[in-house]
Amino acid sequence: MPIKYVPFIPEPVEGQAVLGNFNRILKYKGSDDVHMTLQRGMPLYEMEKQETVGENADGNMIIRGECVSACAYLKENGIQADLVYIDPPFASGADYAKKVYIRRNPKVAETIARAEQELNVDELKAFEEKMYGDVWDKEKYLNWMYENLMAIKSIMSPTASIYIELDSHIGHYVKILLDEIFGENNFINEIIWKRTFSHSDVGQGAKHLGRLHDVIFYYSNSEEYTLNTVYTPYSEEYIKNFYKYTDSDGRRYRLVSMLGPGGAAKGNPRYEVMGVTRYWAFSKESMDKMIEKGQVVQTKPGAVPQRKRYLDESEGVPLQDLWMDIPAV
């Protein structure tokens with residue numbers, strides 16, 4: 001039984017779309033099947049330390065337990081999360097199993113080993129144990145998701161972000177919950193990731209296209225959040241098509257515009273460069289320095305000068321919302 005219930009306020013963001021037809025209830029294991037409202041709080045259980053790894057003993061934790069009770073522990077101890085990633089069940093209609101190898105009784109180990117050797121039957125060595133069931137009706141599933149998301153939100157820092165992985169048949173329902181809990185304005189991206197290369201259940205006579213992707217919804221907890229830009233390398237085709245010029249020292253480069261977007265309205269300076277007068281993105285002093293270093297190119301007389309951008313100075317392509325380079329699952 002829980003030590004206590006840690007209170008939190010499960011209020012949806014004001015003015016958002018709300019799935020009001022769902023009965024928000026919490027039902028915990030060990031609660032004698034009594035339904036409890038969200039307002040009762042998150043169940044806090046006693047924690048037992050299993051092991052300590054590394055020197056930073058207090059800086060990292062792995063909590064083995066159910067999501068809401070783990071959130072209760074974090075909230076009770078004033079611990080906030082800056083980044084959350086969850087990969088919940090998808091209401092897929094399937095049970096997921098793992099193979100569990102039997103711990104042998106020493107008295108019968110010899111007999112079992114002999115039987116395995118003689119029969120070579122894998123079923124004698126292991127059995128299947130259900131890890132969790134993913135068979136829900138939609139309303140119960142969304143109730144469960146709502147409760148977990150509200151618990152998670154209660155331990156997120158004001159500048160935190162959350163990533164929720166789902167699939168195409170349940171994701172759009174959960175997105176309405178996410179809009180309700182985190183606010184429509186705090187939705188940042190829907191990431192599409194290609195999780196496999198092909199499916200064998202499509203082709204001649206199939207009634208659907210191959211289902212190759214999952215979705216990851218990315219939300220922030222407020223307008224102030226941290227996103228560290230990740231870059232991916234340019235493809236050989238991209239380099240060939242865009243970085244098609246080479247300096248005498250072998251450095252590859254492309255030509256990019258130096259025009260000031262918005263012109264005078266944006267306060268860009270106007271002056272002459274190589275016989276061409278325009279509004280520029282750089283001051284006259286900076287432009288003169290680039291020309292002196294050989295970084296400005298005019299492809300023909302009268303053409304607007306452009307600046308060299310070297311391949312070895314580029315960080316690559318900023319990460320986009322379509323992920324196709326993750327090894328197939």
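1. Residues 24 or more positions apart make up 72% of the protein's contacts with a separation of 6 or more, a contact being heavy atoms within 4.5 Å. Bear in mind that this is a predicted model, where local features need pLDDT of at least 70, side-chain atom pairs count only at pLDDT 80 or more, and totals for chains, interfaces and linings use all residues. Numbering starts from 1 along each chain as its sequence is written, and side-chain values use heavy atoms, with hydrogens and water left out.

2. The overall tally is 6 helices and 17 strands; these are DSSP runs, H or I of at least four residues for helices and E of at least two for strands, numbered from the N terminus. Of the 329 residues, 32% are buried, meaning under 20% relative accessible area with a 1.4 Å probe, protein chains only.

3. Now the sheet. It is open, has 5 strands in the order β3-β6-β8-β7-β17, and its pairing is mixed; two strands pair if DSSP finds at least two bridges between them. β3 and β17 (322-323) sit at the edges with a single partner strand each, so one side of each has no neighbour in the sheet.

4. Strand β6 (residues 156-166) has 9 of its 11 residues buried, so the rest of the structure largely encloses it.

5. Over at β17, the pairing with β7 (residues 187-194) is parallel and rests on 2 bridges; I192 has L322 as its bridge partner. Helix α4 (residues 171-182) packs on the sheet, touching β6, β7 and β8, and its direction makes about 5° with that of β8. Angles run from 0 to 180 degrees between N-to-C directions, and axes are lines fitted to C-alpha atoms, for helices over the stretch in contact.

6. Helix α3 (residues 138-154) lies across β3 and β6, at about 150° to β6. α3 and α4 also pack on each other, at about 35° with axes 10 Å apart. Among the residues that meet are L142, M145 and L149 in α3, and V174, L177 and I181 in α4. The contact counts 12 nonpolar, no polar and 3 charged residues, where Ala, Val, Leu, Ile, Met, Phe, Trp, Tyr, Cys and Pro are nonpolar, Asp, Glu, Lys and Arg charged, and the others, Gly among them, polar.

Definitions and conventions
Buried means under 20% relative accessible area, exposed over 50%, partly exposed in between (1.4 Å probe, protein chains only).
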